[in-house]
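Subject: Structure handover

Hi,

Here is the structure we talked about. My notes follow below it.

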Amino acid sequence: MAAIAPLPQPDLAATYEMPVEQVSLFQDAWNRIRRNRLALVGACIIGLLFVTAIVSTFWTPYPVWLQAVGPTYQPPSLHHPLGLDQAGRDILSRIMGGASITVQVGVGSAIIVSLIGIPLGLLAGFYRGWVDTVISFFINIWYGIPDLLVALILVFVLSDALHLIPRGVFVIVLAFSLTRWMDVARLVRGQTLALREREFVEAARMSGARDFRIVVRHIFPNALGPIIVQATFAIPAAVLFEAFLSFLGLGLPSPTPSWGAMASDGYHGMDFAPHIVLAPTIALSVTLMAFNWLGDGLRDAFDPRMRH
Amino acid sequence: MTRGTATYIGQRLVLIAITTVFVSSTVFLLLHQIPGNAFLNETRNSPEAVAAALHHYGLDLPLPQQYAAWVRGVIHGDLGESLINRGVAITPLLIRETSVSATVGFFALLVTIGLGLILGVIAALRQNTWVDYIASSASVVGYSIPSFVLAIFGLLIAGHYLYIWTGGTFYYVPGWGKPEQIPLPALALGLPYAAYVARLTRASMLETIRTDYVRTAWAKGLRPQVVVIRHALRNSLIPVVTILGPLITGIITGSVVIENIFGIPGLGKEFITSILARDYNIVIGVFTFYAALVGLANLAVDVIYPVLDPRIRY
């Protein structure tokens, strides 16, 4: 009896493409975002914004506050590419200075919103029960308020009426964050609720980890992707809030080159010098657009299922 | 309307009342941290006059008593009187201004939903054609442009350049009272949100038109408008309705700056004017109105929700 011919063994390596290396969340996100053209354009604009902001702290063509560097309301020229405003200040210099304000407001708000929202969300999601009930109640109440207007009142009372905090970037960031922490808190709460049931949390508990360690070392890092996305979306909202306040004359005080305040200046002379209002409004719109594009890109990259 | 719905609406109304009291109390207490004299305008110099004025407004009482008096007033629908214009009752003033703001807000909402839905549906139906590309690019750019920037551009074009181009025969005059003064503010307020609604509608419509039941509707030979509107659009509306709440809040807060730019005598203009004039009683009153409005608008949205999605019951 002839020996049974061995069955041809399929070449496993050729048939199935084995994962060559483990891809971390951030590498995976990076790979996806590289293919998202809009997000890349947004990232480039944001890069330019940050560079401008840094450069403007050391150098601008003219000092941002210097008046009468030429005739007032002068339209764009070779010396002053964006023209001069109603006080004869160089608009290009002021736009550059405004970039710095914008970055401070945006990044500052993203950080403080996270500092308020993440602990509350972690607490509510991890301990559930009455802690969750209380925190969720406040989240719901806060969602029902006209947030921007409460923030506006906060800025007004804290700096103008009580003189507790000088009117500046910090008070705006604080007021914004106190009224807009719910998005982050709600997101973190949801993530924590889901993550705390996972096996790795159980394993950590089995090995004797305390609550604090489980939350900080196991749950928080796994919720980081969506948190970054949410924090990114807080930036354009804060930037818009600052522009909104300054436009109404309740934001940063006068010589500060805030884009909103510049738009307000230009608005009054719009009929004969439209260049003054156009420069800051376009800068503001492009910045908001860039942050929204990057935010959308990040959201799709970190969680492709979580599409709006 | 089932019994459950009624209970639900009742509960929500209670929550709205709580939120309104919470918000306006916070603002009341915040503003009353400011020393009492600051509540009065600077023209009254003699100590007797100041004391008389403080007494007139009850500002010489301890804070808890002032607060109790204020809450009693609010329950009776009385928000007190203006600090700057003595004798002007705030409630009727704000009701009149709310109707103006509501008109602007209504048309802005019309722009948002009408234009947003139409653009979104058309873009989805003509996916990957030039129509889709134009509509999608417009919405991707549009939802980042803040409404006050749109308002400025609108004024610049319709007020300034139109005046020049038409030689002063046809142009926009900021203000309120004539029907032709409605569209520009409504567009400025509604367009950014319309762009957002268009994006949402397109995405959800693209999913819906590929489902089996829509294919069935096509297959049994229904007219295109019936398939699109009654079958596909109705289900695609669900994600759009979920953002209606924040959207209405956005329109209400956005109207503050829009009313100031266009000179519309609504709640938003009153709000800023009163803050700058330090007429704190009006500021507190406006807040009470805004908090109630935002709450009621959100409630209205949640009541519409089960009409579109019968799976949701309260």
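Helix 1 of chain B has 29 residues and spans 42 Å from first to last C-alpha. That is close to the 42 Å expected at 1.5 Å a residue (1.5 Å times one less than the number of residues). Helices here are DSSP runs of H or I, at least four residues, numbered from the N terminus.

This is a predicted model, where local features need pLDDT of at least 70, side-chain atom pairs need 80 or more, and totals for chains, interfaces and linings use all residues. Residues count from 1 along each chain as its sequence is written, and chains are lettered from A, ligands numbered from 1, in the order written.

The buried residues of helix 1 of chain B include T19(B), V23(B), V27(B) and L30(B) (buried: 20 or more other C-beta atoms within 10 Å of the residue's own, placed from the backbone). The buried residues of this helix pack against helix 5 and helix 6 of chain A, and against helix 3 and helix 11 of chain B.

Now the interface. 37 residues of chain B are in contact with 33 of chain A (contact: backbone-placed C-beta atoms within 7 Å). Helix 1 of chain B gives the largest share of chain B's side, 7 residues. That side has 28 nonpolar, 9 polar and no charged residues (nonpolar: Ala, Val, Leu, Ile, Met, Phe, Trp, Tyr, Cys, Pro; charged: Asp, Glu, Lys, Arg; polar: the others, Gly among them).

Best wishes

How values were computed
Two residues are in contact if their C-beta atoms, placed from the backbone, lie within 7 Å. Helices (H or I, at least four residues) and strands (E, at least two) are DSSP runs, numbered from the N terminus. A residue is buried if 20 or more other C-beta atoms lie within 10 Å of its own, exposed if 12 or fewer, and partly exposed in between; C-beta atoms are placed from the backbone.
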